[in-house]
Amino acid sequence: MNRMMIVDGNNSFLRNYVVDPSLSSNGEPIGGCKGFLKSLQKQCRIIKPDFVVVVWDGEGGSLKRRTQNKNYKEGRKPIRFNRPNIHMSDNQQFRNRIWQMGRLVEYLNEMPVAQLISENVEADDLVGYIVSRFPDVEKVIVSSDKDFFQLCDDKTIVYRPIQDKAVTKQAILDEFSIHPRNFALARAIVGDKSDNLAGVPRAGLKTVAKRFPLLMEDRDVFLNELIQVCDKPENKAKIFESIVEHKELVSENYKLMQLYSPAISSRTKAKIDWTLRECCQDFNLMEINKMMTLDGFGNYNFTQLWGTMRNISLNKD
């Protein structure tokens, strides 16, 4: 294995489900499933992986995070199509979305793609474990989620499909003046509205980077060290006082946000290791074509994706 592509499955599926207008031959929305495969083809063309992993959120999300903070990810808006010409009730949209996601899993089962999911575990933690498990392999995480910036290193980058942009360790240092090793701590101060995690009042990443230049260093900086900086007599800015006042909040946020030590059990880790080692690397194009005909995919040229899958399958040994 030289280059592993790790796809944030829910992130890619939901993005395509919302925006891809594809309909099946019987008029049902199929953009989540078909759009995912179209995106996968583009990503394979750009990244040229020789091993593909798709990681899914487990049922129930992260039990550990919800136990730590009952408001974690509460209040998110319902997922709906972003176009007005879909005349479906919320219940019909929900059932269609579940069907599309399940069908997508079946398509990927016919490809040399490893799929990972674990009940009550988020995909983020599975990705964090995979990154730590293969330190010497080139890894490209495909996701628009900034949580993965903290995992960037000399062998790991994040490809953001919406921006069509590769985010490297150096790019994070240049843009944020924060080292990926300390990115989770910086975000713990700022908070994350998308996950319903409040931050220190009026603290943004630019302010945090300016007031704490040590976060740019290539080493792990801990909250206690930042508190010591805040307590220095010469540091009079309001943010220093606010961080001290909200240090328990920052500490709790960090536990929820950090992926350096993923919140998964030894049993789940063993399951991941087994799946990545023993997953089927066969490619059944005939079955895929049958499924696409049955699902009314219509005409679309997946030749490049099939070529990538064939090459991965042939080189599996």
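In this predicted model, strand β2 (residues 51-55) runs parallel to β3 and is joined to it by four bridges. These two strands belong to an open sheet of six strands with mixed pairing.

- From one strand to the next, the twist averages 25 degrees.
- Within the parallel pairing of β2 with β3, Val53 has Ala114 of β3 as its bridge partner.

**Packing of α2 against α4**

- Two packed helices are described by the angle between their axes and the distance between the axes.
- For helix α2 (residues 31-47) and helix α4 (residues 90-109), the axes come within 8 Å and cross at roughly 40 degrees.
- On the α2 side, the contact is made by Gly31, Gly32, Cys33, Phe36, Leu37 and Leu40.
- On the α4 side, the contributing residues are Gln100, Arg103, Leu104, Tyr107 and Leu108.
- Sorted by class, the residues of the contact between α2 and α4 are seven nonpolar, three polar and one charged.

**Cysteines**

- A disulfide is a covalent bond between the sulfur atoms of two cysteines.
- The structure contains zero disulfides.
- Cys33, one of the α2 residues in contact with α4, has its closest cysteine sulfur in Cys44, at 15 Å, which is too far for a bond.
- Cys33 counts as buried, because its relative accessibility is 1%.
- Cys44 is likewise in no disulfide, and the nearest cysteine sulfur to its own is that of Cys279, 14 Å away.
- With a relative accessible area of 2%, Cys44 is buried.

- Helix α7 (residues 183-190) is largely enclosed by the rest of the structure, because seven of its eight residues are buried.
- The buried residues of α7 are Phe183, Ala184, Leu185, Ala186, Arg187, Ala188 and Ile189.
- These buried residues pack against five helices, namely α6 (169-176), α8 (205-211), α9 (223-230), α10 (238-245) and α11.
- Gly191 follows α7 and has a positive phi, near 90 degrees.

**Buried residues in loops**

- Ser118 is located in the loop that connects β3 (113-116) and α5 (123-133).
- A relative accessibility of 9% means that Ser118 counts as buried.
- Leaving aside residues up to four places away in sequence, Ser118 touches Gly58, Leu126 and Thr268.
- Gln258 is located in the loop between α11 (247-257) and α12 (266-278).
- Gln258 also counts as buried, its relative accessibility being 13%.
- Gln258 and Tyr129 are 129 residues apart along the chain, and their C-alpha atoms are separated by 12 Å.

Terms used:
Residues are numbered from 1 along each chain as its sequence is written. This is a predicted model: local features need pLDDT of at least 70, side-chain atom pairs count only at pLDDT 80 or more; totals for chains, interfaces and linings use all residues. Side-chain values use heavy atoms; hydrogens and water are left out. Axes are lines fitted to C-alpha atoms, for helices over the stretch in contact, and angles run from 0 to 180 degrees between N-to-C directions. Contact means heavy atoms within 4.5 Å. Ala, Val, Leu, Ile, Met, Phe, Trp, Tyr, Cys and Pro count as nonpolar, Asp, Glu, Lys and Arg as charged, and the others, Gly among them, as polar. Buried means under 20% relative accessible area, exposed over 50%, partly exposed in between (1.4 Å probe, protein chains only). A disulfide is a pair of cysteine sulfur atoms within 2.5 Å. Two strands pair if DSSP finds at least two bridges between them.
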